[in-house]
Amino acid sequence: QRDFGSEHLKLLANAYLSTNAAQPLKLLVTMPDGKTYTYPSRGADPLKRTQRIDLGRGLRAHFYGLEIHNDEGSAFELDGLNFNLTESKRRI
């Protein structure tokens, strides 16, 4: 689980994956209540080395379980993972 260094509630908007994957990757997000959501990247291009994943609106939590999947099964390297998030002033 990841809290992004804060105990405040956070809203995730999208993620940017730095990768050499030739196929689109997917991000699995597990919420504290156990619900899991899957979000595919917009596309893949190993020359650009960046994939964008847009997350669903309303994902708001302190902690997020995050997993990256490749349905095609081919090997890939993940060089970085960045999130656009908004931190709430609220802790509960």
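Predicted model: local features only at pLDDT ≥ 70, side-chain atom pairs only at ≥ 80, totals over all residues.
1. Start with Ser-18. Beyond its neighbours within four places in sequence, Ser-18 is in contact with Arg-49, Glu-77, Leu-78, Asp-79 and Gly-80. Ser-18 is found in strand E1. Its relative accessibility is 26%, so Ser-18 counts as partly exposed. Pro-46 lies 28 residues from Ser-18 along the chain, and the two C-alpha atoms are separated by 9.7 Å.

2. Arg-49 is one of the residues that Ser-18 contacts. Arg-49 sits in the loop between strand E3 (36–40) and strand E4 (50–54). Its relative accessibility is 33%, so Arg-49 counts as partly exposed. Check this residue by eye in the structure.

3. Now the overall fold. The chain has seven strands and zero helices. Along the sequence the pattern reads β-β-β-β-β-β-β. The radius of gyration is 14 Å, close to the 12 Å that the globule rule gives for 92 residues, so the chain is as compact as a globular protein of that length. The C-alpha trace spans about 40 × 25 × 20 Å along its principal axes.

4. Surface and burial. Of the 92 residues in the chain, 32% are buried. The chain exposes about 5,800 Å². Carbon and sulfur atoms supply 47% of that area. As for charge, the chain has 13 positive and 11 negative charges.

5. The core. In soluble globular proteins, nonpolar side chains tend to be buried together. Here the largest nonpolar core has 15 residues. Which of its residues touch the most other members? They are Ala-15, Leu-27, Val-29, Ile-53, Leu-55, Leu-59 and Tyr-64. Strand E1 (10–19) and strand E2 (26–30) are the elements that give two or more residues to this core. E1 gives the most, with three residues.

6. Residues up to four places away in sequence are not counted here. Leu-59 touches Lys-10, Leu-11, Leu-12, Val-29, Met-31, Tyr-37, Tyr-39 and Tyr-64. Val-29 and Tyr-64 are also named among the core residues that touch the most other members.

7. Leu-9 comes before E1, in the segment that precedes that strand. Is Leu-9 buried or exposed? Its relative accessibility is 8%, so Leu-9 counts as buried. Leu-9 and Gln-23 are 14 residues apart in sequence, yet their C-alpha atoms are 32 Å apart in space.

8. Ser-41 has another 14-residue pair to inspect. Ser-41 and Leu-55 are 14 residues apart in sequence and 9.6 Å apart in space, C-alpha to C-alpha. Ser-41 lies in the loop between E3 and E4. At 9% relative accessibility, it counts as buried. Setting aside neighbours within four places in sequence, Ser-41 is in contact with Pro-24, Leu-25, Gln-51, Arg-52 and Ile-53. Ile-53 is one of the core residues that touch the most other members.

9. With neighbours within four places in sequence left aside, Asn-70 is in contact with Gln-23, Leu-25 and Phe-76. Leu-25 is also among the contacts of Ser-41.

10. The other is Ser-74, in the loop between strand E6 (65–69) and strand E7 (78–87). Its relative accessible area is 34%, which makes Ser-74 partly exposed. Where does Ser-74 stand relative to Ala-22? The two are 52 residues apart in sequence, with C-alpha atoms 8.3 Å apart in space.

How values were computed: Residues numbered from 1 in each chain as written. Heavy atoms only, no water. Helix = DSSP H or I, 4+ residues; strand = E, 2+ residues; numbered from the N terminus. Rg over C-alpha atoms; globule rule 2.2 N^0.38 Å. Buried < 20%, exposed > 50% of the residue type's maximum accessible area, 1.4 Å probe, protein only. Areas by Shrake-Rupley, 256 points an atom, 1.4 Å probe, with all protein chains shown as cover. Lys, Arg positive; Asp, Glu negative; His and termini not counted. Charge placed at Lys NZ, Arg CZ, Asp CG, Glu CD. Core = buried A, V, L, I, M, F, W, Y, C linked by side-chain atoms within 4.5 Å. Contact = heavy atoms within 4.5 Å.
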